[in-house]
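Please look through the following briefing with the sequence and the coordinates side by side. The points are grouped by topic.

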Amino acid sequence: MATQPYKWRRDTDGLGVWEHRGKVAVAGFGHSPVNRRWDETSMDQTLGAYSMLACELAMEDAGVTPDQIDGVICCDSHIAGSSGGTASNWAPRPYFEPPYDSEWGLTLVNGDWLVKQLELPNVKYAPSNVPTIGEMLGLAAQSIADGKCTTCLVIYPTGNMEGRYRRGGENAQDHADGTRQWTFPWGNHGGNDFINIFPHNQYCLKYGGTHDDVAPFVINQHRNGLLTPWGYNASSGMVQLTEDDYVNSRYILNPLRIFDCDRPVNASAAYLVTTAERARDMKQPPVYVLNHSQHNFTQRTTQPDLDEIEEWTDRAATRMYEGAGLGPADVDIFNPYDGYSIMSQFFLEAFQWHGVKRGDSFAFYADDIRVEGPHPFSSSGGNLGNGRTRTAMYTDSIEQLRGTAGPRQVTVRAETALAAFTTPSSGGWMMFGKHPS
Amino acid sequence: MPKIIPAPDDLSKPFWDAVNEKRLSVQNCTACDRLQYPPRQACFACGSAEKLEWKDVEGKGHISTYIVIEDGRLNRRMPDQPYNLALITLDEDTSVNFYSNLPGVPPYEVPVGAAVQVIFEEVGPDQLIHEWQVVD
């Protein structure tokens, strides 16, 4: 008899409070160094080596040993790898001695590879086809709540190598098939930069303001990034971005500038997720999972417009708040996705964090959003401040609730945190709590 | 440089065949009286597959907004940079939109809100695409 797919997502409206609210916790995390690219020769900087390092650091942070790990959830889509389509295939290439005698471990990592390399003797759960981190932590939380494992490593590798990002493959072809036939002929490669820049322009027209009103947010993301020791900006000697730097930077999709886009990097991060009960006996104060939710909305025509984006993000916010049993006033830390700066205002307004309503974001950005101020928006620095690791939002949320965010530690209350890697159309949200209820 | 050439499939072939005859024909759901583009197997609104038919439209629209592609990823279009990419809403159903490079409009000089009319542009042997031209 065929096995039914595991239905773990909370991706429909009206599901009510998550029945496992507060029964799962994050007990540890670990980050590899963040390089701009893998140089194809340093074997201690491959995506595999970095993922192993991140796992070891996460276990150390939680105070658990390899034999205690019974679950490994590793995203096997590594940004410019398979998720980038043929435009970013890195294979074939010259290989090395085992375990680097194939693409595995160099630019590809999955649960099975990690179980073998880390010599984890008791893993009983290592699913395949693991989604990106926007949904992956939700998968981990639900898997633990459902008893599939109890002490789980959750890994998100993000690869990058020499050459222009995602040049080649179908992007270099003369013909466009599938969904590309509706975008490529006019120059749209179909990424989230294109998807969100048109609604952003409509936003400026509808509510007033210009693209330059995003500048305070981008600059503050870089500031928070420089306060994050493991991130690319802080570890690579970058200096603080200024308003002049921003407004004079080159355009990609005018008005979208280079500093509105996150920087692809080569890095890996791991989280140790376990039951709340076990987490209480581990090394760090538990950070409880109060809800996870996902969404995958379908656009009705060629290009989503502002109305559609606002409807999607409103629905995602409603799902998350309902499942967590919380409302906007309850959320202390808010770390939305910022891979393109122009998305963040849609999330901020949908979740109404600090009372921000539709059309209010630019005024909010112009106020005090520093971590030491009253509205510490995106205290992680996100991807713009740390590179395209897509993990800063989660790690900062955990650190803020632990009270260990160092110079990024907010001065306002830090007992709940929302974090996401999601676009308006698809992805997921996580709600964390310092307390289980 | 020429534009990228669409590769029709079973679902899209009626659309591209019409374009090659210089007609703009989109799906119409007779159950809920809504136009649909790009084509799908079923109506986006009501889910009906049986009620979908092809319907020629007038090809009149308006420019909603635009960007200028200065550093895109598509090799074949790079020599054209910078070039406009406008969002066109269809007058007959403003929930339907199209992309356009607005032939004849210099980069950055797009008249947002202006009326446009569909035109057809050859991008490869025996293959046209639909484009949009500002109506004077």
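How many helices and strands does chain A have? Chain A has 13 helices and eleven strands, where helices (H or I, at least four residues) and strands (E, at least two) are DSSP runs numbered from the N terminus. This is a predicted model, in which local features need pLDDT of at least 70 and side-chain atom pairs count only at pLDDT 80 or more, while totals for chains, interfaces and linings use all residues. Residues are numbered from 1 along each chain as its sequence is written, and chains are lettered from A and ligands numbered from 1 in the order in which they are written.

**Confidence**
- The model scores ipTM 0.98 and pTM 0.96.
- For chain B the mean pLDDT (the predictor's confidence in each residue, from 0 to 100) is 96, and 99% of its residues reach 70 or more.

**Overall form of chain A**
- The C-alpha trace of chain A spans about 60 × 50 × 50 Å along its principal axes.
- Of the 437 residues in chain A, 57% are buried, meaning that 20 or more other C-beta atoms, placed from the backbone, lie within 10 Å of the residue's own.
- Among contacts in chain A (C-beta atoms, placed from the backbone, within 7 Å) between residues at least 6 apart in sequence, 77% join residues at least 24 apart.

**Sheet in chain B**
- Three strands of chain B form an open antiparallel sheet in the order β3-β2-β4, two strands being paired if DSSP finds at least two bridges between them.
- β3 (34–36) and β4 (52–56) of chain B stand at the edges with a single partner strand each, so one side of each is left without a neighbour in the sheet.
- Strand β2 (residues 25–29) of chain B is joined to β4(B) by five bridges in the antiparallel sense, and B:N28 stands opposite B:E53 in β4(B).

**Contact between the chains**
- The contact takes 35 residues from chain B and 30 residues from chain A.
- On the side of chain B that touches chain A, β1 (5–6), β5 (60–69), β6 (83–90) and β7 (93–100) of chain B each supply at least two residues, and the largest share, six residues, comes from β7(B).
- Strand β5 (residues 251–254) of chain A pairs with β5(B) in the antiparallel sense over two bridges, and A:L253 stands opposite B:I69 in β5(B).

Key:
Contact = placed C-beta atoms within 7 Å. Buried ≥ 20, exposed ≤ 12 C-beta atoms within 10 Å, placed from the backbone.
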